[in-house]
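Hi,

Here is the structure I promised to pass on to you. Have a look at it first, and then read my notes below.

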Amino acid sequence: MTAQSVFTWGAFVLYSAAAFAALGYLSTKDERASRAMLGLLGFGLALHALGFAARLAAFWAFPENRFFLPLTSFYGALSFMSLALAAAFFFIEARARLGILGAFVLPFAALALGAAVALASPDVGPLAQPLRSYWLNLHPMLLMAAYAAFANAFGVGVALLIQEAQIKSRKPSELCYRLPSLDELDALNGRIIAWAYPVLVAGLAMGFVWAYLDWGRVWTGDPKMALALATAAIYAVFLWLRYGAGRRGRRTVYVSLAGFASVLVTFFGAELMRGRHSYLGGPR
Amino acid sequence: MKLLQLGWSHRAAASDAREALAAVPIERVLAELKARGVAEAVAVSTCNRFELYAASSREASPSRESLLEVLAGLAGAEVEAQAEARADARAVEHLFSVASGLDSLVVGESEILGQVKTAYETARSAGLTGKRLNVLFQRALYVGKKVRSETGVAAGAMSVPSVAIQLAESIFGRLDGKSALILGAGAMAELAAKRLVERGIGRLTVANRTWERAYALAARFSGEAVRWEAFPEELVRADVLIASTGAPTAVVTRATVERALSRRGGRSLFLIDIAMPRDVEESVHALDGVFLYRLEDLESIVAKNLSSRAEAMAAARGIVEAKAREFDAWARSLATGRELSLRHASRTRP
């Protein structure tokens, strides 16, 4: 095992443990579980960062790869996304004393990294000629950062639906008093998406510029491009409903959840369709 | 070590000794004890209890009688008959359960933890705490926090108004900046208004068929009174509505609420109907973003909380007893010269 896979496996184990601690906190209100979650997550992030650094070193061992980020393989993309997701959670929600939302967010970080370490190959090789472009450092990184933020918003949205159902039932359980209030969840969901949306749009725009420079056309009919545009459209509808039409609550949150479903389809579903963006079949 | 506790609490049948002691400033009690040569003493004085903890390492520790004599002198009253007295392990366990809120009138209330801390700090700055009481009280604060964070004793509201407030906070978060509309001006409306103001509600409006009564109620809580006819308009601004009128039929109809909703910008609306017969049409609960709770809904939540508190208290007692045994073992080890370690003792910062 290389240092990279030791660190990354370690991070996966710690993220999983943090996710379980968060679920434990949700069901027992034992403050120790909440502190354990933050501690495990902090160590996990540190290990993950070391793993990423080791991967970077291995990737840059090929002189032609120097200073490009290793995001072009499934492993690299999933691992980076998991890192961004966990870091975003650590700095936004845990800081905002909404650590209880870890139960809804951290399982994604653990799953994404688990898929990377268990299913994808961590091997690195020289980048294919067309990918040796500085756009490579910007285009996927921005998109994955936006996706990580959307995953956080998804967790918040699910928590909101649970809280709403609790209060509507007239028989709220303990969970109701532990979750943040509906207003806070609604505001946080909206705010995360409003911040992440420009990042998504910038990432897509750079993809189009890169496509134009490289392939001579902006639109190539690539399935991943189409799906990513659909994602952007769904979140645009959400933002318009939330901030334009002044709508809040359950139905608006459904739209944001649909947006995240579209993110997942864009990220994983595109593998099933042939296109230039396929991690498994495309150029490395 | 010899630890002695004397207490006068809300549990006692008569309260005149407690009241006489409560009138004596703690500083005077401590100064008097110090003058009599007591090495370590902390006095906890709140509206529900007066307690004295005294400790010393020598066998010549203050006797129960001498402490009672000092207190009787200061209070200018006979205090002995109503006193509870505990020693050593039982005194430790008692202090831990006091700090945990298990001995409080409202079980689990958190104010007592701050009061124990203040009592300890006062004694410490008077130079009346040594190793034993320092560790004992830091330990008590630690146990108090531990019990509250690990068991449900402090959670769960035990009365209809507090359940209503808790639900409002589950919907809106903090209540400052939120506005409440009260329909009716009877005793229930007044109680509701009082609770909302205590929780820092931003704006309070009262509407009642009799304008004068609405005005009087609003004035008492620096709220605003509006004419009865104007309440549907107020519903556009309100976040919480409390209805307790004596009207024979529902006054808040689905149509009224729907009209208000279209102008509320998607904000949630929390309706509390404590009137009998009902003031709010049941069907509004089905509207998106509207939460209607009736008196019996709130009452059944209270009943559920009461039963789960009983379980939480058993768990809390378990923690208190275990920690008291741990402390007692440590206190005994002091005399042997081979001091046991007491984990977490230093973690609770005063």
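Predicted model: local features only at pLDDT ≥ 70, side-chain atom pairs only at ≥ 80, totals over all residues.

Let's start with a sheet in chain B: four strands form an open sheet in the order 2-3-1-4, and the pairing is antiparallel. At its edges sit strand 2 (40-45) and strand 4 (84-87) of chain B, each of which pairs on one side only. From one strand to the next, the twist averages 15°. Inside the sheet, strand 1 (residues 2-9) and strand 3 (residues 49-56) of chain B run antiparallel and are joined by eight bridges.

Now zoom out to the whole of chain B. Its secondary structure comes to twelve helices and ten strands. Is chain B a compact globule, or more spread out than one? It is more spread out, because its radius of gyration is 26 Å, well over the 20 Å that the globule rule gives for 350 residues. Along the principal axes, the C-alpha atoms of chain B fill a box of roughly 80 × 40 × 30 Å. The domain assignment gives domain 1 (2-150 + 309-336) and domain 2 (160-288) of chain B. The centres of these two domains, taken over C-alpha atoms, are separated by 45 Å.

Next, the place where the chains meet. How many residues of chain B are in contact with chain A? There are 20, and they touch 20 residues of chain A. On the chain B side, the elements that give two or more residues are helix 6 (131-150), helix 7 (160-172) and strand 10 (290-294). Helix 7 of chain B gives the largest share, six residues. Sorted by type, the residues on this side of chain B divide into six nonpolar, nine polar and five charged.

Then there are some backbone details to look up. Most residues other than glycine have a negative phi, and most peptide bonds are trans. With that in mind, go to the peptide bond from B:Met276 to B:Pro277, which is cis, with omega near -5°. B:Pro277 is found in the loop between strand 9 (269-273) and strand 10 of chain B.

Chain A has a couple of positive phi values for you. One belongs to A:Phe67, where phi is near 70°. This residue is in the loop between helix 2 and helix 3 (74-93) of chain A. Is A:Phe67 buried or exposed? A:Phe67 is exposed, because 8 other C-beta atoms lie within 10 Å, and the cut-off for exposed is 12 or fewer. Another is A:Arg170, with phi near 65°, in the loop between helix 5 (135-168) and helix 6 (174-178) of chain A. A:Arg170 is partly exposed, with 17 other C-beta atoms within 10 Å.

Last stop: A:Leu50, in helix 2 (residues 31-60) of chain A. A:Leu50 is partly exposed, with 17 other C-beta atoms within 10 Å. A:Leu50 and A:Leu229 are 179 residues apart in sequence, and their C-alpha atoms are 34 Å apart in space.

Cheers

Notes
Residues numbered from 1 in each chain as written. Chains lettered and ligands numbered in written order. Rg over C-alpha atoms; globule rule 2.2 N^0.38 Å. Domains from an automatic or database assignment. Pairing = 2+ DSSP bridges. Axes fitted to C-alpha atoms, helices over the stretch in contact; angles between N-to-C directions. Contact = placed C-beta atoms within 7 Å. Nonpolar A, V, L, I, M, F, W, Y, C, P; charged D, E, K, R; others polar. Buried ≥ 20, exposed ≤ 12 C-beta atoms within 10 Å, placed from the backbone.
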